[in-house]
Amino acid sequence: MQKKKVTFDDIKKSSQVILNNLYKSFGKFNAVDNLTLHIKKGEIFGFVGHNGAGKTTTMKITAGLLAPSAGSVYIDGINALSERNKVKRKIGYMPDFFGVY
């Protein structure tokens, strides 16, 4: 039996959050370096890591508050980089300090 090749459209249909080949650089410092993550609908996910690991940077990119250097972000099948206002209606983001929004 031959396995069906999984396409990006298949992943978009089954995933609530997709981060694909995400990069963010600040000068010579790579805060996020080739992060690929697919969170399926109904899954609970959390970021754990040391200070400077890229958790906040990744969340800011996902929430549409910061542009990535490269890569793509989809929330519920919507391109979060080109359709930020649609995505903002679907997510909630509690920043680590007041005044982000």
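Reader: Where does Asn51 lie?

Author: Asn51 sits in the loop between strand 2 and helix 2. Helices (H or I, at least four residues) and strands (E, at least two) are DSSP runs, numbered from the N terminus. A word on the model: it is predicted, so local features need pLDDT of at least 70 and side-chain atom pairs count only at pLDDT 80 or more, while totals for chains, interfaces and linings use all residues. Residues are numbered from 1 along each chain as its sequence is written, and side-chain values use heavy atoms, with hydrogens and water left out.

Reader: Why is Asn51 called exposed?

Author: Exposed means over 50% relative accessible area, buried means under 20%, and partly exposed is in between (1.4 Å probe, protein chains only). Asn51 has 76% relative accessibility, so Asn51 counts as exposed.

Reader: Which residues is Ser15 in contact with, leaving aside its neighbours within four places in sequence?

Author: Those are His38, Ile39, Lys40 and Lys41. Contact here means heavy atoms within 4.5 Å.

Reader: How much of the protein counts as buried?

Author: Of its 101 residues, 28% do. The protein has 3 helices and 4 strands, and from the N terminus on they run α-β-β-α-β-β-α.

Reader: What share of the contacts with a separation of 6 or more comes from residues 24 or more positions apart?

Author: Such residues account for 47% of those contacts in the protein.

Reader: What makes something a pocket?

Author: On a 1 Å grid over the protein atoms alone, a pocket is an open set of points where a 1.4 Å probe fits, with protein on both sides within 12 Å along at least five of seven lines. Lining residues have an atom within 4 Å of a point. The largest pocket holds about 310 Å³ of space; a volume is the space filled by probe spheres set on the points, which are joined across faces, edges and corners.

Reader: Which residues lie nearest the centre of the largest pocket?

Author: Of the 17 lining residues, those are Val17, Met59, Thr62, Ile75 and Ile91. Strand 1 gives the largest share of the lining, 3 residues.
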